[in-house]
Amino acid sequence: MDAAAYLKAQGWQGDGHSLDRTGRGIKKPLLVSKKVDVLGLGIKKHTATSDQWWLRAFDTSLRDLGTGKKSALAQIRETGVNRGGLYGFFVKGEGLEGSIAAAVSADDEASKLSKEEIKRKRDEEKEQKKAARAERAAIRKAAEEAKERAKQERREAK
């Protein structure tokens with residue numbers, strides 16, 4: 001679509017003239033930049049990433065790679081994260097006991113089982129599933145046969 005031709009068809013006089021019929025409007029087009037991020041309208045990129053210290057540290061590490069400078073990640077490992085921003089409000093609290101230790105010990109016991117025991121248990125489960133499938137198939141077949149017999153008896157009764 002040719003925008004200039006369309007506007008001329010609507011009464012525009014051409015380049016150097018405003019879109020206003022009286023000539024009072026602006027003569028140069030407004031410059032609009034294309035938004036390529038997904039932060040939303042009105043959000044400054046700095047505010048959205050100001051608490052992402054890890055992203056900045058990674059970027060500076062990549063930039064300084066091979067220059068001999070000490071990377072930001074190495075500095076963070078030594079000194080820790082600065083206390084500013086969102087992360088400055090966190091306080092290390094007391095640890096709580098939970099059920100994770102019990103789950104870990106159960107996993108340790110399971111890992112102690114030998115490969116033969118694991119294979120034997122897996123085979124037993126497969127056999128149980130196979131037997132259950134065969135039993136369901138037999139029940140379905142018996143139900144179909146009973147239904148067929150009932151139909152036949154109704155036909156004979158008529």
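Trainee: What share of the contacts in the chain with a separation of 6 or more comes from residues 24 or more positions apart?
Mentor: They account for 16%. Contact here means heavy atoms within 4.5 Å. This is a predicted model, where local features need pLDDT of at least 70 and side-chain atom pairs count only at pLDDT 80 or more, while totals for chains, interfaces and linings use all residues. Residues are numbered from 1 along each chain as its sequence is written, and side-chain values use heavy atoms, with hydrogens and water left out.

Trainee: How many helices and strands does the chain have?
Mentor: Six helices and zero strands, in the order α-α-α-α-α-α along the sequence. Both are DSSP runs numbered from the N terminus: helices are H or I with at least four residues, strands are E with at least two.

Trainee: What percentage of the residues count as buried?
Mentor: 5% of the 158 residues. Buried is under 20% relative accessible area, exposed is over 50%, and partly exposed is in between (1.4 Å probe, protein chains only).

Trainee: Is S18 buried or exposed?
Mentor: S18 is buried, at 8% relative accessible area. S18 sits in the loop between α1 and α2 (45-49).

Trainee: Which residues does S18 touch?
Mentor: Leaving out residues up to four places away in sequence, S18 touches W12, G23, R24, G25, I26 and K27. A polar atom of the S18 side chain also lies 3.5 Å from the backbone nitrogen of G25.

Trainee: Switching topic. How many salt bridges does a search of the whole structure find?
Mentor: One. The term requires a side-chain nitrogen of Lys or Arg within 4 Å of a carboxyl oxygen of Asp or Glu. The side chains involved are those of E124 and R120, at 3.0 Å, N to O.

Trainee: Where are E124 and R120?
Mentor: In helix α6 (residues 115-157); they are four residues apart, so about one helical turn separates them. E124 is partly exposed at 39% relative accessibility, and R120 is partly exposed at 43%.

Trainee: And the surface, which residues make the nonpolar patch?
Mentor: M1, Y6, L7 and L19 make a patch of about 510 Å². Patches take residues with over 30% relative accessible area and no salt bridge, joining nonpolar side chains (Val, Leu, Ile, Met, Phe, Trp, Tyr) within 5 Å and like charges within 9 Å. L7 is in helix α1 (residues 3-9) and is partly exposed, at 31% relative accessibility.

Notes:
Accessible areas come from the Shrake-Rupley method with a 1.4 Å probe; for residues, only the protein chains shown count as cover. A polar contact is a pair of N or O atoms within 3.5 Å; within protein, one must be able to donate a hydrogen and the other to accept it, and residues adjacent in sequence count only if both atoms are side-chain atoms.
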